[in-house]
Amino acid sequence: MAEAHQAVAFQFTISPEGINLHLSYQALNQIYLSGLRSWKKRISRIKNRIIKGVYPASPSSWLFVVIAIMATVYMQSDPSMGLIAKIQEHLPLRELTKYTNKESCLHTALSLSAQGQTMLSALLFSTLLWLSLILALRFCLRLLLSYHRWMFEQHGCISTKTKVWATLVRMLSGRKPLLYSYQTSLPHLPVPPIKDTLEKYLESVKPLHDAAGFQRMKRLAAEFEKSLGNRLQRYLKLKALWATNYVSDWWEEYVYLRSRSPIMVNSNYYGMDFLFVTPTANQAARAGNTITALFLYRRKVNREELNPSRIPGTVIPLCAAQCERMFNTTRTPGEETDVLQHWQDSEFVAVYHRGRFFRLWVYRAGRLLSPREIQYQIQRILDDPSPPSPGEDKLGALTAGNRTPWAQVRKQFFSSGVNKRSLDCIEKAAFFVTLDDQEEGMMGEDPSVNLDRYAKSLLHGKCYDRWFDKSFSVVVYKNGKNGLNAEHSWADAPIVSHLWEFTLATDRFHLGYTPDGNCKGEVERSLLPPQRLSWDIPLEVQTQVSESLAVAQALADDVDCHVFPFREFGKGCIKKMKMSPDSFVQLALQLAYYRDRETFCLTYEASMTRLFREGRTETVRSCSNESCAFVLALETGEDREHCRKLFRKAAEKHQNLYRLAMTGSGIDRHLFCLYVVSKYLGVESPFLKEVLSEPWRLSTSQTPVQQMELFDLVNHPEFISLGGGFGPVADDGYGVSYIIMGEEMISFHVSCKHSCTETDSHRFGSQISQAMMDLISLLNPDIKEATKSNPVKQS
């Protein structure tokens, strides 16, 4: 739109009489308003930088310090103990008078009276004192946030030391912090002692090996520690002193960006709409409100108006660095490694519908379009009868296939001309929108099957109707249902979950719809139509599109997804048993896997490390000696009281492992970084090579919900969302995402591969349901009697 306005704002004709200049004042006014918006954003950024720069103090505290110092100086007192006088001696402002021989004229330098020099010196001292106090407060806050023993104390038995610590954190946290205010006060992730990491690793793999295999691993670990381990550890400690976070940059690069396999299914994950409610069946209207809500969230991020995320129920802040690349971000393919590109601002979104790509401007003259206006523009796209240009309809498959061919094609055919301009429109867009021509959701005569199909659609779609490289893509279906697909390298699921929760709540409760299902607001009919992107796709590119689509389609067809809400009980019932809901679910998964495969496996549970600056995730190895002992005891029919004790012991062990992972004492990120250092040094470690090649046959993750508490699930349970899920990590394993929804429901997303004859997502889902029921009845036998008349519903 901006280009169009500039084109009509300045028109001129050349005649024999000269140049006749025509100006469109309406267009000039829109350009002025658009520029005004840009300047407001710059000023807002500068203001926020100042506020963050002095946090945990405030800019107004400078005036308080200056007034206090000036008052004491005025009362003939010296609070600086001679420093003000020292500053005054070195001031260049003094009277200097002399005659020059050549010009014989008087030169007088800038001068101040003695009192003025004293006041200026006091002002400089006050500013230096204020800055010193800020640094001291920030240092104290960082020390306080480095204390993590509070996490290991029993619920209801808080020590005096922790109570004093919590009070000090509240005092130093300041009032109304911005989104990024805590960033410079967060501690750095520590490097664990290598001896501790190796001991924890051996303990974690003991139940997975026989006696001979475990002795072999002990020998490899001991040889590694004596020979190469300490050398690699020294390099890692050096990096930790220099870098903000010794893990995150290598994790992003080597786990995500250097992967050459498709990111669709293997890396990207998805999020779902409300389970029972569809706010409107009008596709264009749902897209209008969804896009508006996302831009309102972006505005809050840019202005840092969102409250910093915290550990639930505490004042402990979490790192917000992942929010910085949420919008206007694209993963650009490379032949060896991909690159994340982020732009400061974008006033448009890229839209895909029936094989055509469009650029939709959502700002006009610096004003965000109303939801009704965006709906009007979306409807124009839906009503556009033009066919795709040759090779355009399945172009998105390039982002779904292997990375190296996409990088080569992009470099050769999309680096100039019309293809580059159109690709730039997609990559620089705030996010990607797909207007899907299918109907999805829990509907029809078989809602369970349709729910599984809905999950698969969000995970991979048709393999060409999503742009998997974008930070996230929004999908709006023909029946008004929506969802999103997120690229993984720039952020983890809790960040996207926070965004999506705000979007759903704002769409339904803030923006709303008219009784006939349209967006609210007025429409300015003079809006320019969405811009259709043009392409020149040669046969070589079309051939590569077909090859990438074949790779992606084979991967998508192999994915077996099963999504089900577990409604028999939720965290409310589990907490009454004085047990962590997460530990309960993890032990249920261990029991379900053993029943499904008659063995135990290495289990991955994602834990955040956002207590530290630029922290991302750590692995909780949920399969422990304690969990295996409990499962075996239960399955062999041992005494229920003995099983109950083993159950609580295993749950306590899991909680401790989770806490260790959160506080920087995990296993896997440390071993991963040691492996990266060994590769840089060009040395081989049999121990690290074997550790890093071990398959995670059970990969699990809990996604937090109600992070913002924007609506009441107790009184309005119909607005529950099932959260989201991801594809299987191992070819012969399961991927399980679970979301604890309110007090009375837990949703599960199970994935595996059809090509593995030993796995089945529906079978495993049934095992999970049965394991959940068996565990709750073990803790409270009365529950089993109460549920006999309401057996577990097999999906």
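Close-up 1. D596 is buried, its relative accessible area being 13% (buried denotes under 20% relative accessible area, exposed over 50%, and partly exposed the range in between, with a 1.4 Å probe and protein chains only). The residue belongs to helix α18, residues 581–597; helices (H or I, at least four residues) and strands (E, at least two) are DSSP runs numbered from the N terminus. D596 and D760 are 164 residues apart along the chain, and their C-alpha atoms are separated by 9.2 Å. The model is predicted, and local features need pLDDT of at least 70, side-chain atom pairs count only at pLDDT 80 or more, and totals for chains, interfaces and linings use all residues. Residues are numbered from 1 along each chain as its sequence is written, and side-chain values use heavy atoms, with hydrogens and water left out.

**Close-up 2. N307 and P177.** N307 is placed in the loop between α10 (283–303) and β6 (329–332). With a relative accessibility of 62%, N307 counts as exposed. From C-alpha to C-alpha, N307 and P177 are 7.1 Å apart in space, while 130 residues separate them in sequence.

**Close-up 3. Helices α19 and α20.** Helix α19 (residues 625–635) packs with helix α20 (residues 640–662) at an angle of about 155 degrees, and their axes are 8 Å apart. The two helices are therefore roughly antiparallel. Axes are lines fitted to C-alpha atoms, for helices over the stretch in contact, and angles run from 0 to 180 degrees between N-to-C directions; those under 35 degrees count as roughly parallel, over 145 as roughly antiparallel, 65 to 115 as roughly perpendicular, and the rest as oblique. The crossing of α19 with α20 is left-handed (the near helix is turned anticlockwise from the far one by less than a right angle; clockwise would be right-handed).

**Close-up 4. The nonpolar patch at W62, L63 and I67.** These three residues make a nonpolar surface patch of about 280 Å². Patches consist of residues with over 30% relative accessible area and no salt bridge, with like charges joined within 9 Å and nonpolar side chains (Val, Leu, Ile, Met, Phe, Trp, Tyr) within 5 Å. Accessible areas come from the Shrake-Rupley method with a 1.4 Å probe, and for residues only the protein chains shown count as cover. L63 lies in helix α3, residues 59–74, and is partly exposed at a relative accessible area of 46%.

Close-up 5. The whole structure holds 39 salt bridges, each a side-chain nitrogen of Lys or Arg within 4 Å of a carboxyl oxygen of Asp or Glu. In one of them, E373 pairs with R367, and the closest N and O atoms are 3.1 Å apart. E373 is buried at 4% relative accessible area, whereas R367 is partly exposed at 34%. Another salt bridge joins E684 to K679, with the closest N and O atoms 3.3 Å apart. Here E684 is exposed, with a relative accessible area of 55%, and K679 is partly exposed, with 43%.

**Close-up 6. Salt bridge D731–K753.** The side chains of D731 and K753 form a salt bridge of 2.7 Å, N to O. This pair links distant parts of the chain, 22 residues apart: D731 is in the loop between β20 (724–726) and β21 (734–741), and K753 is in strand β22, residues 745–753. D731 counts as exposed at 52% relative accessibility, while K753 is buried at a relative accessible area of 10%.
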